[in-house]
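Reader: I would like a close look at one part of this model. Please take me through the surface patch and the pockets, in short steps.

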Amino acid sequence: MSRSDFYLQALSKPVGVGLRHSHYRDALSETSGVDFVELHSENFFADGGPTKVLLQQIGERYPISLHGTALGLGSEIGIDADYLTKLTRLVQQVKPFVVSDHASFAWLRHSGSRVHAGDLLPMPFTQTAIKVLADNIDRVQQQLGQRLLIENLVSYLVIDQHTMSEMEFLYEVTEHSGCGVLLDLNNLLVNARNSRAEKPLEVAVQQIRQLPNHTVEEFHLAGFTPVENDQLIVDDHSQPVAEECWLLYEQAIRHFGPQTTLIEWDNNLPSWQRLIEEADKARRVMHRSLQAWETNYEP
């Protein structure tokens with residue numbers, strides 16, 4: 001690959017936004033600068049009706065990525081067959097360029113029945129958990145005929161069973177399953193702050209450097225509601241991308257190169273135009289950081 005071809009390829013990495021209900025009308029009626037929209041998979045499992053029409057209209061205007069929150073890839077009892085059937089049908093209909101979910105568990109057996117926890121529950125970073133996660137990812141990838149990206153988690157629990165770091169865990173899962181990583185930079189910062197790290201940004205930068213640069217294929221950027229120093233930060237995606245997250249994004253690009261990037265904003269939603277401004281800023285930061293990355297890149 002020539003240097004010019006490499007540079008053009010790097011610049012072509014898409015920047016998108018999470019598309020939520022209150023923005024449907026604007027997204028379908030305006031010409032925006034976003035390269036794609038992300039939809040939460042579970043919101044579109046319904047058969048027929050207005051959901052099907054809406055998906056068709058969105059797909060005619062934007063490339064789509066599907067992001068799940070309930071697959072429970074780390075569940076020891078395996079993936080729920082009904083959920084996987086619905087996800088497969090949605091993927092066949094939408095033909096997303098990315099399908100992703102979280103490195104978490106959700107399904108368990110209680111009183112003889114499969115029960116969903118209704119949340120993204122953290123996993124211990126152990127070899128046993130790697131096998132569970134990798135086996136479930138493999139099953140889903142085989143069913144969908146498409147590679148998955150798995151996202152790192154915000155965790156509000158202290159787990160004593162860890163035998164490795166989170167980044168070592170994610171890397172091992174990619175090696176065992178062939179999946180990629182969706183690196184949520186805001187999640188790294190929230191975890192660092194909630195663990196009372198003196199320099200959260202430095203902690204997060206050290207973490208991303210633990211991952212080989214070929215493993216990450218997408219970044220998530222978000223903000224959170226500010227709290228007092230002794231209070232727990234909730235990953236509520238209710239604010240613009242935090243300045244600390246923009247700085248971490250620059251460092252991530254220098255390590256992993258430009259990658260597909262998504263702006264997450266789920267609560268206290270701004271106007272559609274304000275959301276687009278965040279995507280535009282991400283593109284500017286990506287282009288500015290590209291020069292530093294290109295200097296050290298060897299095709």
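**Patch and pockets**

Author: Tyr156 is partly exposed, because its relative accessible area is 42%, between the 20% and 50% cut-offs. The model is a predicted one. Tyr156 sits in the loop that runs between β7 (148-151) and α6 (166-177). Together with Leu232 and Val234, Tyr156 makes a nonpolar surface patch of about 280 Å².

The largest pocket has a volume of about 500 Å³. Its lining counts 23 residues, and Ser155, Leu157, His162, Asn191 and Ser195 are the closest to the centre. By class, the lining of the largest pocket holds 15 nonpolar residues, 7 polar and 1 charged.

Next comes the second largest pocket, with a volume of about 420 Å³. Here too the lining has 23 residues. Closest to the centre of this second pocket are His102, Asp119, Leu120, Val154 and Asp235. Strand β6 (residues 113-121) supplies the largest share of the lining, 3 residues. The classes in this second lining are 7 nonpolar, 9 polar and 7 charged.

The largest pocket has 15 nonpolar residues and 1 charged. The second largest pocket has 7 nonpolar and 7 charged.

Terms used:
Residues numbered from 1 in each chain as written. Predicted model: local features only at pLDDT ≥ 70, side-chain atom pairs only at ≥ 80, totals over all residues. Heavy atoms only, no water. Patch = residues over 30% accessible without salt bridge, like charges linked within 9 Å, V, L, I, M, F, W, Y side chains within 5 Å. Areas by Shrake-Rupley, 256 points an atom, 1.4 Å probe, with all protein chains shown as cover. Salt bridge = Lys/Arg side-chain N within 4 Å of Asp/Glu carboxyl O. Helix = DSSP H or I, 4+ residues; strand = E, 2+ residues; numbered from the N terminus. Buried < 20%, exposed > 50% of the residue type's maximum accessible area, 1.4 Å probe, protein only. 1 Å grid on protein atoms, 1.4 Å probe; cavity = no way out; pocket = protein on both sides within 12 Å on 5 of 7 lines; lining within 4 Å. Points joined across faces, edges and corners; volume = space filled by probe spheres on them. Nonpolar A, V, L, I, M, F, W, Y, C, P; charged D, E, K, R; others polar.
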